[in-house]
Amino acid sequence: MKAPDGNKLAILNALKQGVFVSGQALGEQLGISRAAVSKHIKTLQEMGLDIFKVTGKGYCLNSQVGLLNKTQIDQHYKALGANTADVEVHPIIDSTNSELMRRIQAKTALESGTVIVAEMQQAGRGRRGRVWQSPFGANLYYSYFWRLDDGLQAAMGVSIAVGLAVYDAIKALYQVDVELKWPNDIYINKQKLAGVLVELDGQPQGPCQLVIGIGINLQMPESFSQHIDQAWTDLNQHTQKLDKNQLVASLTYHLEQRLVQYRQTGLQAMYEQWNSLNAFAGEYVELNTGHRSWRGICEGIDAQGGIRIRQDGEVKSYYGGEVSLRKAQL
């Protein structure tokens with residue numbers, strides 16, 4: 001699917017105020033026919049936008065989250081006292097993570113703090129090869145580039161720090177408490193709100209380049225929920241104050257704070273807080289690699305970010321990779 005052309009973006013900008021606009025007014029504004037307006041509206045709906053029509057009133061975009069705007073993101077970000085990130089806004093992209101990884105592979109010069117956000121992903125990716133549902137304008141699709149000079153091994157616990165950064169941003173903006181599920185999911189009331197995908201490029205002992213991908217459900221259209229194979233929620237169900245640009249700024253600010261902390265002391269100052277937010281604390285769980293599985297009581301994480309499982313009175317730590325953790329039946 002192509003990115004929205006100028007007319008479609010103009011229609012989106014006219015509708016994002018949350019009030020009805022007639023097809024005739026849109027046509028006059030853009031110099032096109034009402035039939036052409038209707039065709040553009042249909043295309044936008046197919047992208048996942050919740051636009052509805054009322055006879056005699058016109059069209060209205062049913063969205064509380066707004067559209068991405070670099071100027072507004074930068075203003076919110078600087079108001080937090082930060083100035084290091086460089087945010088790029090894309091209407092449609094295959095994947096924000098994939099774009100940064102391509103630049104790494106092409107040896108493009110990148111500075112830590114390069115951020116890519118998009119209104120829609122055509123090939124959004126979750127962990128273990130899963131598709132990340134990415135309808136236009138509905139959610140946050142976000143990737144952050146970070147350089148770590150201490151090698152791949154030093155990056156082992158980064159997803160723990162990222163989960164805490166998501167907690168920080170959502171708590172600061174909305175006073176909503178989230179739970180964290182190892183290794184990199186964010187829950188509210190046992191329903192998935194967000195996911196993290198950290199990808200690495202580098203040498204075991206040399207500089208390491210990380211792409212930190214974060215997807216947060218903001219206002220997921222019901223038409224896309226049928227493709228999600230687990231219980232989920234979005235922020236719109238928990239707050240009425242959503243501003244996507246403010247969220248991008250807050251997330252970037254808190255992510256930078258956590259990464260500075262991680263570079264200085266690893267998880268030493270973070271793992272106990274993570275344990276206080278553990279979605280599966282004390283629950284019977286199954287850890288699965290696809291080839292082997294273990295069951296036991298979830299005891300949280302250790303200081304290196306490994307998940308601790310108690311089996312037959314003995315506690316063992318297991319570390320990341322292509323693993324999944326879920327509740328199990330006794």
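Predicted model: local features only at pLDDT ≥ 70, side-chain atom pairs only at ≥ 80, totals over all residues.
Me: Why are helix H1 and helix H3 called roughly perpendicular?
Reply: The axes of H1 (residues 6-15) and H3 (residues 34-46) make an angle of about 80 degrees. Angles of 65 to 115 degrees count as roughly perpendicular, so H1 is roughly perpendicular to H3. The two axes are 10 Å apart.

Me: What makes the contact between H1 and H3?
Reply: On the H1 side the residues are Asn7, Lys8, Ile11, Leu12 and Leu15. H3 contributes Val37, His40, Ile41, Thr43 and Leu44. Sorted by class, this contact has six nonpolar residues, three polar and one charged.

Me: How do you know that the buried residues of helix H4 line one face?
Reply: The buried residues in question are Ile73, Asp74 and Tyr77, in a helix that spans residues 70-79. Viewed down the axis of H4, they fall within an arc of 95 degrees, so they line one face of the helix. Thr71, Gln75 and Ala79, on the other side of H4, are exposed.

Me: What covers the buried residues of H4?
Reply: The cover includes strand E3 (86-93), strand E4 (114-121) and helix H8 (244-265).

Me: Why is Asn69 said to cap the N-terminal end of H4?
Reply: A side-chain oxygen of Asn69 lies 3.0 Å from the backbone nitrogen of Thr71. Just after H4, Gly81 takes a positive phi of about 90 degrees.

Me: Why is Lys244 called buried?
Reply: Its relative accessible area is 1%. Buried means under 20%, so Lys244 is buried. This lysine is found in helix H8. Leaving out residues up to four places away in sequence, Lys244 touches Val65, Gly66, Leu68, Glu119, Gly137, Asn139, Leu140 and Leu218.

Me: How do you know that helix H5 is mostly covered?
Reply: Eight of the ten residues of H5 are buried. They are Thr96, Asn97, Ser98, Glu99, Leu100, Met101, Arg103 and Ile104. What covers them includes E3, E4, strand E5 (140-148), strand E8 (191-202) and strand E9 (208-216). At the start of H5, a side-chain oxygen of Ser95 comes to within 3.3 Å of the backbone nitrogen of Asn97.

Me: Why do Lys107 and Gln175 take the label exposed?
Reply: Exposed means over 50% relative accessible area. Lys107 has 73%, so Lys107 is exposed. Gln175 has 55%, so Gln175 is exposed as well.

Me: What makes the peptide bond between Trp182 and Pro183 a cis one?
Reply: Its omega is about 0 degrees. Most peptide bonds are trans. Pro183 lies in the loop between strand E6 (179-181) and strand E7 (185-188).

Me: How do you know whether Met270 is buried or exposed?
Reply: Its relative accessible area is 0%. The cut-off for buried is under 20%, so Met270 is buried. Met270 is found in the loop between H8 and helix H9 (271-276). Neighbours within four places in sequence aside, Met270 is in contact with Ala161, Leu164, Arg258, Gln261 and Tyr262. Met270 and Ala161 are 109 residues apart along the chain, and their C-alpha atoms are separated by 7.3 Å.

Me: Why does Ile307 count as buried?
Reply: Ile307 has 0% relative accessibility, so it counts as buried under the 20% limit. Ile307 is in strand E12 (residues 307-311). Not counting residues up to four places away in sequence, it touches Trp182, Leu287, Cys298, Gly300, Ile301, Lys316, Ser317, Tyr318 and Leu325.

Methods:
Residues numbered from 1 in each chain as written. Heavy atoms only, no water. Axes fitted to C-alpha atoms, helices over the stretch in contact; angles between N-to-C directions. Helix = DSSP H or I, 4+ residues; strand = E, 2+ residues; numbered from the N terminus. Parallel < 35°, antiparallel > 145°, perpendicular 65-115°, else oblique. Contact = heavy atoms within 4.5 Å. Nonpolar A, V, L, I, M, F, W, Y, C, P; charged D, E, K, R; others polar. Buried < 20%, exposed > 50% of the residue type's maximum accessible area, 1.4 Å probe, protein only. Arc of directions from axis to C-beta. Polar contact = N/O pair within 3.5 Å; in protein donor to acceptor, adjacent residues only side chain to side chain.
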